[in-house]
Amino acid sequence: SLEELPVGRKKKSLYWTSERAFRAEMHHFCAEYMGALGQPVSWMPRLVDFRRAGRDDLVAAISRYGGTDDACARFGLVPYREWGYFDRNRALASDLLAYLREKGWPTDTMPDRATLEGDARGRDLNRRLSRLGGRSLVGRRLGLALTGRAAFYNDKINYGPFSLEFAVEVLEYIKETHFAAAPGAWASADMLDPETVGAVALPPPGDLRAHGRRDLADLIEDYGGPQQVARRLGLVYEDDFLEEERELVQAYLRGEMS
């Protein structure tokens with residue numbers, strides 16, 4: 001329950017005149033609140049979560065510093081609108097793959113609506129598929145063959161080869177990297193573009209190879225390259241230029257540049 005979550009204490013209004021104090025308090029809150037929920041501590045909770053935790057002082061400070069996106073960019077956090085979308089996609093792909101395997105069904109085919117409505121788990125998956133664009137859209141993005149009427153109406157739409165197993169591997173790998181990140185880790189060049197603040201990104205193939213995931217890097221190339229894979233998974237792709245910009249902004253935030 002919320003009462004059991006460690007959320008710190010309210011601070012007096014003058015406390016927030018110090019950006020350093022605000023940063024420390026934000027990082028502390030995220031570490032305790034998101035950690036207690038079993039989520040990466042570099043993810044910023046929703047504003048309603050701050051309020052439910054009795055931290056209206058932090059909500060007011062976030063507003064004073066320009067709002068959620070500005071606070072996330074300034075303090076290296078991922079906003080809910082980004083991590084929420086990513087995590088819903090990740091969980092759906094993972095749960096769909098597990099469901100298909102448990103049923104003994106092909107993992108390269110999207111079940112039709114009637115089949116999914118046959119049990120409680122299938123109905124839950126169908127509901128979540130609808131929220132993310134529907135069986136046809138999600139199926140095409142994940143490289144799943146469509147059946148029934150969906151196949152008839154979408155037979156001329158082909159995004160190219162793909163794999164549900166690959167999608168799950170990549171999305172789970174990305175979440176693992178977020179679990180490994182401390183609050184403040186995502187201070188980056190994204191702050192230069194308000195529309196992509198804290199956007200969850202597809203790791204560059206070079207980074208994947210450097211971290212022992214040559215298999216994923218090679219499959220990214222097989223499936224059309226980083227930009228194509230990122231689009232299909234709803235991710236941002238970080239090219240070398242953006243990585244250089246990220247390093248410059250991180251240096252600035254550390255006070256190494258004026």
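Of the contacts (heavy atoms within 4.5 Å) in the chain with a separation of 6 or more, 67% are between residues 24 or more positions apart. The structure is a predicted model, in which local features need pLDDT of at least 70, side-chain atom pairs count only at pLDDT 80 or more, and totals for chains, interfaces and linings use all residues. Residues are numbered from 1 along each chain as its sequence is written, and side-chain values use heavy atoms, with hydrogens and water left out.

The secondary structure comprises 14 helices and 2 strands, taken as DSSP runs numbered from the N terminus (helices: H or I, at least four residues; strands: E, at least two). Of the 258 residues in the chain, 46% are buried; buried means under 20% relative accessible area, exposed over 50%, and partly exposed in between (1.4 Å probe, protein chains only). The chain exposes about 13,300 Å², of which carbon and sulfur atoms supply 50%; accessible areas come from the Shrake-Rupley method with a 1.4 Å probe, and for residues only the protein chains shown count as cover.

The largest nonpolar core contains 57 residues, and M26, L164, L233 and L235 have the most contacts inside it. Such a core is a set of buried Ala, Val, Leu, Ile, Met, Phe, Trp, Tyr and Cys residues joined through side-chain atoms within 4.5 Å. Elements that give two or more residues to this core include α1 (19-36), α5 (80-103), α10 (164-179) and α13 (226-233). At least three residues are drawn from each of domain 1 (13-77) and domain 2 (169-254), the bounds being those of an automatic or database domain assignment. With residues up to four places away in sequence not counted, L164 touches A93, L96, L97, L100, T107, L142 and L144.

L129 is found in helix α7 and counts as buried, at 1% relative accessibility. Leaving aside neighbours within four places in sequence, L129 is in contact with L92, M110, L116, G134, R135 and V138. The C-alpha atoms of L129 and G139 are separated by 9.2 Å, the two residues being 10 residues apart along the chain.

In α3, the residues D57, L58, V59, A61 and I62 are buried. The buried residues of this helix pack against α1, α2 (47-52) and α4. Just after α3, G66 takes a positive phi of about 110 degrees.

A search of the whole structure finds 12 aromatic pairs. Rings of Phe, Tyr and Trp (its six-membered ring) pair if their centres lie within 6.5 Å; planes under 30 degrees apart count as stacked, over 60 as edge-to-face and the rest as tilted. The pair of F29 and Y33 is stacked, because the ring centres are 5.2 Å apart and the planes are at 10 degrees. Both residues lie in helix α1, 4 residues apart, about one turn of the helix, and both F29 and Y33 are buried. Elsewhere, W43, Y80, W83 and F86 are linked into a cluster by ring pairs.

The structure holds 0 disulfides, a disulfide being a pair of cysteine sulfur atoms within 2.5 Å. The cysteine sulfur closest to that of C30 is in C72, 7.6 Å away, and is therefore too far for a bond. C30 is buried, with a relative accessible area of 0%, and C72 is buried with a value of 1%.
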